[in-house]
Amino acid sequence: MPLDPAFITDWGSAGIRLATPLILATVGGVFAERSGVFNIGIEGMMLVGAFTAVATSYYLGASADPAVISLLAAIAAMLAGGGIAFIHAFLTVTRRVDQIITGAAINILALGLTNTLFRAIWGETGRERVAGFPEVRVPVLADIPVVGPILFQQSLIVFVAYFIPIIAAFVLFRTTWGLTIRAGGDFPLAVDTAGLSVTRVRYAAVLFGGAMAGLAGAALALGAVRYFTPGMTAGRGFIVLGAIVVGRWHPMIAAGACLLFGAADAFQLRAQALNLGIPYQFFIMLPYVLAVAAVAGAIGRASPPQQLGRPYRREAG
Amino acid sequence: MGRIGCRGNQEKAGVGSTDQQSSAPELLRMERITKRFGDLVANDEVTFEVLPGEIHALLGENGAGKSTLMKILYGLQQPDSGQINLDRRPVTIRSPHEAVSLGIGMVHQKFMLVPNLTALENVVLGVSSPRPPLLELRDPRRRLMKLAEEHELAIDPDVPVWQLSVGAQQRLEILKALYRGARLLILDEPTAVLAPVEVGQLFRVMRLLAAEGRGIVFISHKLSEVKAVSDRITVLRLGRVTGSLPTAAASPSILSSMMVGRDVSLERVSPPVQGDAPILELQDVSCLTDRRTPGLDSVSLTVRRGEIVGVAGVDGNGQRELVECIAGLRPITGGRIAIQGRPPKGALRTIGLLGLIPEDRHEQGLVGDFDVAENLVLRAYGRRPFSAFGFLRWNHIRSHAVEQIDAYDIRCPGPETKVHHLSGGNQQKVIVARETQEDPALLVAAQPTRGLDVGAVESVLNLIRGQRDRGAAVLLVSTELPELFAVSDRVVVMHAGQIMGAVPPDPTRLGEVGEMMMGHTIQVAGDGGTAA
């Protein structure tokens, strides 16, 4: 039964939809880590992005075209993610606080902040559907059997996610900005002696990472469910960290890892419905277990940016 | 021969300029530079000048203030007082970037290269692109290859830097400076990482650059090299200039007394001891490097009781892997290692078997924030008398430290001094004291004199000799051939993870060692022998 075309179309379509937030956040994370800043706060930034997107869409209500509303919501989410990322950048780059501790604090902050604001807006139980990203169907291509509906009949944000990793790879490997970012995480002293500012490079990369995490949150909340629930990112920000490692800090390979995790997530949702007599919690675990296994397999073979996680300080003595 | 070439350079430079010979157009003049770090005066009214087309050697021991002076010139540090003039105009250099834009290039001892970028990417990093923000590499590649060809600096532009040999990385650093238009090139101890043949190549390049009218600052503490390549020598000691003279007028004895304030010699003091029982035996040992490339390739070696076997070779040819395999810190992929018949795994935990002086004393040898007493018992703290029933016995640890400080002449205010406050030489003595405390059968010393000044080199080598005389087998890894020849009973040479051969420590055999360091196989007649 599971191998009939309808199932595959349904599964593949859901897999890509679930992978979309992961891809967006992963690309941002790759930039931040390439510049030398570890960001475990991606989870929190996604959560804040999701909340901001839903709240923006909610307040704009039916006042405009859903496409316009979702666009404004996405921009608001990116600004919110970038704002949280600014805290991370200030603490880790300027104040040289431990990056893990700062990231963890940001996750806690984001969870508390969104929970509180959620109750303030929607009360104890309320959750309201809002306008989300419009569905796009590419003519002709969407008519291809099986593959067509999977790839070409999706929410608008999914199509954005198709292009982001390609653009990101181009920027990273074919522009001077990318060169500076790559050098910043590997050997910041060389960046400094070349007359470039390590601080500026790292701020830019972290802010971009935050904006992408915010957009990922918007994709999560407005892509399918179209409402916000507290803690709705459910650890996806950490799966993203795994995807970065598995993807060896390359935007396109990392996006591939995200597709894998998205497919696993889509599969577990369907497996739960099959009534196989296995407690559903085991299925929920599946994408996370896969992420852990993939990271464990990747570690040792991939070499991270050599100064990842270390604050830069020009030699004093 | 070198000097003839250099004189030619100066003439050429003179022709190129409008000034007369008498008031030579200085390229650089650093005047009365003073720099203090707390109580330490690193530079005390130092005046230093470089002419165009001149190779000016800056000579001095470690800690004499050479590096500080050059860091000031390169904008990494600011002087407390004094003036820098370039082309007779006063300049302030606040950052390396400003130094570069003024035409100053520096090749640091530790290269400023990004390991995961290619050679070409490293060269264009921070240089504005022809079509920003696109990373346009076609023109830069052409310019780089042209510079490389003109200056005999062969380089593969598309290989990631971590795959380049140390010599190639140095060439890349020089090219990087030239690409940015350096008229004044500072080379900080450039020969420390090179094999003798490569040193010769570097000197040729330096003369070529000087002939173009560039000024070269050559930092070194090796008299022979300074004599071979420079036009003028300025000697620093304890932050002060003790003299500045044309190379032609400088004799080694004058220079060394200007450097150290006394004569120092590294002559052999004891005749070779005839070894007997084998303590360390390696048979066809192979292993991998951290990057999973071949590290050691079928190395066989025997070190006997009462003998020092020196391991020569250019850095990065398997010496580190050899030491780590012997110490049981790196898995071997083939062959057999035995220390007194036991496998190396756990050898460091066996009392009186293996002493290890690691290559990086800060990372591996000491805990910088621990005091001298604590560092001295890092190996033995779990045993009596230093602890009992899981509790440390501080009175024993302290009194032990007082004894060792006295016995090893560790210069420090007391056992409670944190080791990172000690000088390099005294730090090394702490390690030697700890590692030889239980009279190990085998002592492995990796680059034990690296970064030490001449006086400290002498005392550390004497401590190592003392271990040999006590009957220990000693494996001494060093890149400094004179030291190896002064203390070893036998010198083996490593190249690309292999042992190329062995020679007795006879100064007439230095040439063979140099050849073998470059990977050339030499038929060794008879002696040398036990490295089968």
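This is a predicted model: local features need pLDDT of at least 70, side-chain atom pairs count only at pLDDT 80 or more; totals for chains, interfaces and linings use all residues.
1. Helix H15 of chain B runs over residues 454–470, and its length can be checked: at 1.5 Å a residue, its 17 residues should span 24 Å, and the end C-alpha atoms are 25 Å apart, which agrees.

2. The buried residues of H15(B) are B:Ala456, B:Val457, B:Val460, B:Leu461, B:Leu463, B:Ile464, B:Gln467 and B:Arg468. These residues cover an arc of only 150° around the axis, so they lie on the same side of H15(B). As background to such a pattern, an α-helix has 3.6 residues a turn, so residues three or four places apart point the same way.

3. On the face of H15(B) turned away from the buried side one finds the exposed residues B:Asn462, B:Gly466, B:Asp469 and B:Arg470, whereas the buried residues pack against strands S13 (308–312), S18 (442–446) and S19 (473–477) and against helices H14 (424–436) and H16 (481–487), which belong to chain B. After H15(B) comes B:Gly471, which has a positive phi, near 115°.

4. In chain A, helix H2 (residues 42–60) packs with helix H9 (residues 198–225) at an angle of about 55°, their axes being 6 Å apart; the two helices are therefore oblique to each other, and their crossing is right-handed.

5. The contact between these helices involves, on the H2(A) side, residues including A:Gly49, A:Ala50, A:Ala53 and A:Ser57, while those that H9(A) contributes include A:Gly210, A:Gly214, A:Gly217 and A:Ala221.

How values were computed: Residues are numbered from 1 along each chain as its sequence is written. Chains are lettered from A and ligands numbered from 1 in the order in which they are written. Helices (H or I, at least four residues) and strands (E, at least two) are DSSP runs, numbered from the N terminus. The expected span of a helix is 1.5 Å times one less than its number of residues. A residue is buried if 20 or more other C-beta atoms lie within 10 Å of its own, exposed if 12 or fewer, and partly exposed in between; C-beta atoms are placed from the backbone. The arc is that of the directions from the helix axis to the C-beta atoms. Two residues are in contact if their C-beta atoms, placed from the backbone, lie within 7 Å. Axes are lines fitted to C-alpha atoms, for helices over the stretch in contact, and angles run from 0 to 180 degrees between N-to-C directions. Angles under 35 degrees count as roughly parallel, over 145 as roughly antiparallel, 65 to 115 as roughly perpendicular and the rest as oblique. A crossing is left-handed if the near helix is turned anticlockwise from the far one by less than a right angle, and right-handed if clockwise.
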